[in-house]
Amino acid sequence: MVPLRILLIAFSLTQAQVYGAGAGGPRPVRTVETQTQWRQLEFGFPTAQDRENAQAAGNLVPENGTPIDVQPQYLANGRTRLFTTIPRFVTGIPYTLATVSATQGRNGPLLQPYPSYDWHNNNGDDCDRITSVFRVSITECNQMWVMDTGAIGTTQYCPPQLLQFDLNTDRLLHRYRFPNNTYTPNASLFITPNVLVQDPPPRGTCKRTMIYLADVTFHGLVVYDHQAQTSWRVENRFMYPDPDYGKHTIAGESFFLMDGLFALTNDKRNLYFHPMATASEYAVPLSALNNQDNWANNPEALPEQFTLLGRRKSECAASAIDGRNNVYCVTFNPIKLFVWNVNSPYESRSFGNLPAKSNELQFVSGMKVVRTPEGQEELWMLSNRFQKIAAGTLNSNEVNFRILRRKLDDVQGSVFFFNDEDLTNRLVVIK
């Protein structure tokens with residue numbers, strides 16, 4: 001990778017302004033803002049009878065619901081439609097993909113099933129419907145890709161499937177069921193879709209789309225070629241969890257989780273990735289991944305193509321990348337929203353920390369960078385205090401789940417806070 005010139009300027013945190021690159025004078029420090037929150041999820045239903053039926057069948061147990069992902073969609077009327085996912089770790093979840101409504105319930109805003117209540121199956125009884133979704137991705141084509149695991153808990157009821165929805169009509173455009181040679185039933189779990197549209201609008205047709213999928217529990221990557229309607233599996237030792245990082249501590253509470261390949265981002269040249277149980281970041285060229293012939297005979301081929309970029313001080317879960325190739329992640333211990341540019345070395349001197357309240361960023365499981373209709377990028381996050389869920393200490397009288405947003409105009413101006421134990425507080429100006 002080409003080194004980036006970095007100018008470190010001494011900076012005191014007592015100052016209340018950040019200066020953008022070039023002219024324009026000081027601008028206020030950006031902060032992370034809570035957009036909505038829940039003490040416990042509130043499930044809405046099309047009718048009162050639907051709610052009663054769900055309760056009677058044991059499919060409505062609100063305390064079992066944990067939101068994982070967030071995905072905003074900016075509408076033509078100036079409003080924002082928010083999607084979230086509620087994977088079926090256990091039963092009692094009436095639907096697994098939802099929009100966040102403006103109607104407030106006792107514990108937070110009501111969720112509404114997407115695209116409709118009928119689209120969600122009854123605990124895996126209909127594989128033409130949706131079983132369980134961890135994360136989704138909206139592209140510049142105004143289409144949403146939904147990764148349905150087909151599993152509830154550790155039981156594989158249906159094959160994993162990718163669903164493509166047209167957000168103009170909320171109708172299904174395409175369904176792809178993964179073949180048996182890409183996953184192992186009751187062992188694999190596809191949780192993160194990373195989408196690269198190679199022929200975006202206005203000139204492209206969005207057919208040349210590649211999707212990279214993290215298999216978190218069977219430690220692999222699946223590549224889907226939308227135009228060719230085919231997929232293949234890739235495996236590498238860097239996709240495995242590190243036993244030394246299987247114990248996670250967040251806000252003073254610890255839990256064990258040996259999650260493998262978890263977070264995926266790309267800059268159209270490389271795929272950047274990490275397991276959850278690690279403090280390392282890795283990369284592999286997309287040119288290697290996108291060639292199906294490379295993996296036809298051996299999913300563990302080309303080990304030399306995979307690179308250890310470096311290590312941070314703590315694990316982190318979800319990550320996202322912006323248009324200037326800044327990668328964001330929230331570390332567990334300490335809780336920090338940090339940013340790193342892919343053109344700089346992966347080391348502490350290249351990490352920036354963005355101002356945020358640590359109590360609001362306890363286990364960020366969902367993260368997206370989204371461009372507004374005005375062309376400005378924003379970072380959206382979902383935090384769910386998973387350490388309390390794992391420890392059995394979740395208190396439904398407290399705010400547990402948050403959807404948060406941060407504008408990135410200061411970071412896109414190539415300036416961000418530096419705050420590391422090894423250095424004084426500084427501004428990092430990237431040229």
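Why does Thr36 count as buried? I looked it up: Thr36 has 13% relative accessibility, so it counts as buried (buried means under 20% relative accessible area, exposed over 50%, partly exposed in between, with a 1.4 Å probe and protein chains only).

**Ground rules**

I noted that this is a predicted model, where local features need pLDDT of at least 70, side-chain atom pairs count only at pLDDT 80 or more, and totals for chains, interfaces and linings use all residues. Residues are numbered from 1 along each chain as its sequence is written, and side-chain values use heavy atoms, with hydrogens and water left out.

**Whole chain**

I found four helices and 34 strands in the chain (DSSP runs numbered from the N terminus; helices are H or I with at least four residues, strands are E with at least two). Of the 431 residues in the chain, 57% are buried. I also checked contacts (heavy atoms within 4.5 Å). Among those between residues at least 6 apart in sequence, 55% join residues at least 24 apart.

**Back to Thr36**

Thr36 sits in strand S4. Leaving out residues up to four places away in sequence, Thr36 touches Val100, Pro109, Phe401, Arg402 and Ile403.

**The sheet with S4**

Next I followed S4 into its sheet. It is an open sheet of four strands in the order S4-S32-S31-S30, with antiparallel pairing (two strands pair if DSSP finds at least two bridges between them). Strand S4 (33-38) and strand S30 (364-371) are the edge strands, each pairing on one side only. On average, neighbouring strands here are turned by 15° against each other, direction ignored (axes are lines fitted to C-alpha atoms, for helices over the stretch in contact, and angles run from 0 to 180 degrees between N-to-C directions).

Val364 has Ser383 as its bridge partner in S31, and Val370 has Glu378. The hairpin of S30 and S31 has five residues between the strands, and there Gly375 takes a positive phi near 90°. With strand S32 (residues 401-407), S31 pairs in the antiparallel sense over six bridges. One partner I looked up there: Met381 goes with Leu404 in S32.

Which way do the residues of S31 point? Glu377, Leu379, Met381 and Ser383 point one way, while Glu378, Trp380 and Leu382 point the other way. In a regular strand the side chains alternate between the two faces of the sheet. Seven of the seven residues of S31 are buried, so I wrote "mostly covered".

**Cores**

Then I looked at nonpolar cores (sets of buried Ala, Val, Leu, Ile, Met, Phe, Trp, Tyr and Cys residues joined through side-chain atoms within 4.5 Å). The largest has 54 residues, and Tyr212, Leu221, Leu289, Met367 and Met381 touch the most other members. Strand S22 (residues 261-266) gives the largest share of this core, four residues. A second, separate core has 21 residues, including Val70, Leu111, Trp380 and Phe401.

Not counting residues up to four places away in sequence, its contacts include Leu221, Val223, Leu264 and Leu289. Val223 is also the bridge partner of Tyr212 in S18.

**A second sheet**

Strand S17 (residues 209-215) and strand S18 (residues 220-225) pair in the antiparallel sense over six bridges. The open sheet has four strands, in the order S16-S17-S18-S19, with antiparallel pairing. S16 and strand S19 (230-234) stand at the edges with a single partner strand each, so one side of each has no neighbour in the sheet. The twist averages 20° from one strand to the next.

Last, I checked for pockets and cavities. On a 1 Å grid over the protein atoms alone, a cavity is a set of points where a 1.4 Å probe fits but cannot get out, and a pocket is an open set with protein on both sides within 12 Å along at least five of seven lines; lining residues have an atom within 4 Å of a point. Grid points are joined across faces, edges and corners, and a volume is the space filled by probe spheres set on the points.

The largest pocket holds about 1,200 Å³ of space. Of its 42 lining residues, Ile138, Thr139, Glu140, Ile321 and Val369 are the closest to its centre.

How many cavities of 30 Å³ or more does a search of the whole structure find? I got one. The largest cavity has about 40 Å³ of space, and its lining includes His274, Cys316 and Trp340.
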